[in-house]
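Student: Could you walk me through this one? I'd like to start with the aromatic rings.

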Amino acid sequence: MRRFFSGPFWGLLAFGALPAPALAETPPTVSSTLAAHLAASVQGEPEEDDDEDLVIIDDDEMEGGEPAGDDDDLVIEDDGEEIDIFGDDDAADEVVSEEDAAAAQNSEEEQIKAEMGLITVVQRQRMLKKKRFELQPQFGITVNDPYVRHYTLGVEFDYWLTNRMALGLVGTGFIGAKTPRYDNIRRQEGLLLTANKVLWQANVNFTYNFMYGKIAIFNRALLHWEAGASIGGGVMQTQVLQRYESLHDAFNNFTGGGVIGFHSRTYLPRVNWLAFDLGVRYWLFADRLEPDRRGPDTDPPNGVDDPNLDDAGAARDATTPQLAHNVTFFLGVSFFFPTAFEYTTPR
């Protein structure tokens with residue numbers, strides 16, 4: 001049976017019949033591979049390797065889709081290798097991939113920033129204090145004595161055993177003076193009041209933070225706070241305010257007592273070493289007041305005051321201890337060392 005072939009077919013056949021040495025140095029191309037197969041089929045010669053198949057794959061037809069258009073790819077598989085006939089540029093795919101990766105990275109960063117700006121219900125505790133030192137300067141004022149007002153300057157030094165418990169030392173200096181009410185009663189009523197002022201206090205205390213919470217400000221910022229209590233004991237020194245300042249000298253009392261306190265603390269966002277404190281401290285101690293018979297009327301035989309009490313030492317020996325108390329409100333600023341901390345989670 002005769003076979004008729006067109007002119008292009010004979011051209012391909014002639015191209016495939018070229019001597020092998022002329023093409024040895026040229027890497028095989030899709031057209032040369034296709035021509036060799038066509039030549040073998042026309043001449044009826046067996047192929048060198050019966051196991052090698054030439055497969056033309058159209059992705060859309062394999063998947064049951066519509067015929068490929070101008071933009072679709074035609075892939076020829078030869079010996080298990082895929083050859084793109086139309087020579088699509090892989091570099092373009094790489095560029096697109098890099099652009100997609102950059103866009104994904106940017107979107108991820110923007111998402112992280114957006115999530116950080118949100119206020120979530122469950123959050124980590126703002127400040128970890130375990131095994132850190134705290135230095136807290138304080139300023140305060142006494143509120144329990146209407147006749148003597150004290151302004152206080154102090155410092156507290158704590159070491160946090162855990163995130164809730166601490167041991168500390170507190171030292172406070174007092175600047176005390178008579179209030180206008182004291183002088184008004186003296187002038188208007190003709191009465192001399194017996195009062196003392198506090199010079200300084202020092203104590204050791206144990207602190208326990210029993211409450212922790214958060215406050216949202218206009219749904220934009222979140223402040224973490226905690227509340228706690230402290231108990232301890234220490235020493236202090238007081239001084240009498242003599243009724244007749246021009247006649248008698250003042251004497252001091254060195255005594256001790258117990259102290260309890262309550263405080264609240266607020267932490268600032270993104271600052272790991274600073275906090276602000278508000279608290280109250282209550283002292284209960286034994287104090288000595290100026291004797292009643294220490295006065296100006298000491299001339300016999302009509303004198304009612306004891307002349308021996310003019311001496312400060314003798315007047316102090318004639319006193320008896322009396323229970324007294326002192327209430328101080330204070331503001332403080334806490335500095336933590338080291339200034340940074342790390343969160344750890346159990347395994």
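Tutor: A search of the whole structure finds 4 aromatic pairs, where rings of Phe, Tyr and Trp (its six-membered ring) pair if their centres lie within 6.5 Å, and planes under 30 degrees apart count as stacked, over 60 as edge-to-face and the rest as tilted. The pair of Phe 133 and Phe 157 is stacked, because the ring centres are 5.7 Å apart and the planes lie at 20°. This is a predicted model, in which local features need pLDDT of at least 70, side-chain atom pairs count only at pLDDT 80 or more, and totals for chains, interfaces and linings use all residues. Residues are numbered from 1 along each chain as its sequence is written, and side-chain values use heavy atoms, leaving out hydrogens and water.

Student: Which rings join Phe 133 in a cluster?

Tutor: Ring pairs link Phe 133 with Phe 157 and Tyr 159 into a cluster.

Student: Changing topic, what is pLDDT, and what is its mean for the chain?

Tutor: pLDDT is the predictor's confidence in each residue, from 0 to 100; its mean over the chain is 79, and 66% of the residues reach 70 or more.

Student: Where does pLDDT stay under 50?

Tutor: Residues 21-26 are one such stretch, with 0 contacts beyond four places in sequence, a contact being heavy atoms within 4.5 Å. Where pLDDT is low, the predicted coordinates should not be read in detail.
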